[in-house]
Amino acid sequence: MNLYGIRAIYNFEMARMKRTVMQSVLSPVISTCLYFVVFGSAIGSRMGDIDNIAYGAYIIPGLVMLSLLMQSISNASFGIYMPKFSGTIYEVLSAPVSYVEVVLGYVGAAATKSIILGLIILATAKFFVDYDVLHPFWMLSFLVLTSITFSLFGFIIGIWADGFEKLQIVPMMIVTPLVFLGGTFYSIDMLPEIWQTVSLFNPVVYLISGFRWAFYGVSDVHIAISVGMTLVFLTACMVGIWWIFKTGYRLRS
Amino acid sequence: MQPDISVKHLSKVYGDGFQALKDINLEIRRGEIFALLGPNGAGKTTLISIICGIVNASAGEVTAAGYDIVKDYRKARETIGLVPQELNTDSFETVWNAVSFSRGLFGKPPKPAHIEKVLKDLSLWDKRNNRIMSLSGGMKRRLMIAKALSHEPQILFLDEPTAGVDVELRRDMWEMVRKLREHGVTIILTTHYIEEAEEMADRIGVIRDGEIILVEDKAQLMTKLGKKELRLQLQQKLDKMPGELTLEPVELSEDGYELIYTFDSQQEQAGVARLLRTLGDLGIEYRDLQTRESSLEEIFVGLVHE
């Protein structure tokens, strides 16, 4: 195992985060705060409780998930796309590192950033809304698992993308709608039955539902199904990455 | 002695069907400077990229320092440093961090003293805390070399190291490459500047259309393929070539004041004596004479256009 190699990639990526702290930490924190102000404090005070939880508190898990998903994808995809774009990838390809080590470095750093960001947002939320965490262990587990899974997903997007536009397409056109329709702002029960069934095909529903269960003990789907689906997606991303490195897809001609 | 790089029956066909390399066989000896010459698109960079692990081979075997580059890729790659043709750098990193990153990536524990030495040798020490984007082109080129040397490689690949580099820096780089060789580093360089190969290489390989068409000691190559030329400056103008000289490979210059005699440097040199004797017999007087050997460039052009 080339531990120095993993550490070099990891530190390099973390240094990149420090340089871009405005973009990678401050901006998602500010936009999440705006959600809290508008939907939590302003509109939320006029909304009824959902599952006996104040609306402002109800949307916290979904909003944290929104940032977590977007930032994991964007961090990891940029992390691997930039060396491809600038040409510095030659060094990683010619180094004595296995693909598992490359992924540990890039995805590990992206996931670390997301976890830090998630915790900052949770701490900031305390200023706007009062909330408790019923199952802290599960809350952290979901936070970590989701960060890793979507950083892996972002890594795949970064390899696949051959232009900056493609980097943006998946987070903006696919992930944002899935999160908004995945029960961030409402309970799936509130939808007409047909849309409840449709919602079950949205993988983000399981993430938000499980994460919310960790906070308040209520969920749209059973917690075991949430954990199961998250692990299925994690496995799917791992298989995707294994295939990329096996075939050299867009990395080695 | 076991070769540092051994390439056997190596072929590469790209996805679009283009065959970049055709059954390449090549051995590079430990501690030599090997220059790979060839026109654009001949396959130089593909060959280097395969040895360094950036491009997959279609067929064939390659070992570096005795390790198979696929089965034993870790050990093989640890021994190799690569300076690619393009100046690919991370603009926002500092020089020090970029070089330290490379060392770590190649699995070596931190060794600030070594990084310091490399930066000093390449005159980058003063710039160690500067961001790469603030460096000039020549400094970036040296930074790429520093990165390649950061993990103390046994084999160094320099792909067009002096392209776009000014004369003084080019001399400095040659000096550095010689010093590395003195320390036992094997150096493989590709170049367009034949002058560079002529100046530095121990052996020369010529690649054309994906095939190695020649591998020779430089000195042998020069004598084997080199032509010699004897130029005689005449006292008086000749209007036409005297009939007695038409049998020899002699030309008369346009202004009629010079006779140019071309001969293979390996041939017996009786021709020169015969020519001079004939001139004496004809009463043609000359005031000066020079001989010169053809340069590697002329040999190269001759080979590639065959």
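## The main nonpolar core

Let's start in the middle: the largest nonpolar core holds 135 residues, and those with the most contacts inside it are Tyr106(A), Val107(A), Ala35(B) and Ile187(B). A nonpolar core here is a set of buried Ala, Val, Leu, Ile, Met, Phe, Trp, Tyr and Cys residues joined through C-beta atoms within 7 Å. Buried means that 20 or more other C-beta atoms lie within 10 Å of the residue's own, with exposed at 12 or fewer, partly exposed in between, and C-beta atoms placed from the backbone. Helix α4 (residues 60-86) of chain A supplies the largest share of this core, 13 residues. Domain 1 (5-223) and domain 2 (226-304) of chain B both contribute residues, so the core lies between them.

Val107(A) touches Ala76(A), Ile148(A), Ser151(A), Leu152(A) and Phe155(A), leaving aside residues up to four places away in sequence. Contact means C-beta atoms, placed from the backbone, within 7 Å.

## About the model

This is a predicted model, where local features need pLDDT of at least 70, side-chain atom pairs count only at pLDDT 80 or more, and totals for chains, interfaces and linings use all residues. Residues are numbered from 1 along each chain as its sequence is written, while chains are lettered from A and ligands numbered from 1 in the order in which they are written.

## Two domains in chain B

The bounds of the two domains come from an automatic or database domain assignment. Their centres, taken over C-alpha atoms, are 42 Å apart. Where they meet, 12 residues of domain 1 are in contact with 11 residues of domain 2. On the domain 1 side, α7 (194-200), β9 (203-208), β10 (211-217) and α8 (218-225) of chain B each give two or more residues; helices (H or I, at least four residues) and strands (E, at least two) are DSSP runs, numbered from the N terminus.

## Helix packing in chain A

Helix α2 (residues 21-42) and helix α6 (residues 99-128) of chain A pack at about 35°, with axes 10 Å apart. Axes are lines fitted to C-alpha atoms, for helices over the stretch in contact, and angles run from 0 to 180 degrees between N-to-C directions. Among the residues that meet are Val25(A) and Phe36(A) in α2(A), and Leu117(A) and Ile121(A) in α6(A).

## A closer look at Tyr58(A)

Tyr58(A) sits in helix α3 (residues 55-58) of chain A. Tyr58(A) counts as buried because it has 28 C-beta neighbours inside 10 Å.
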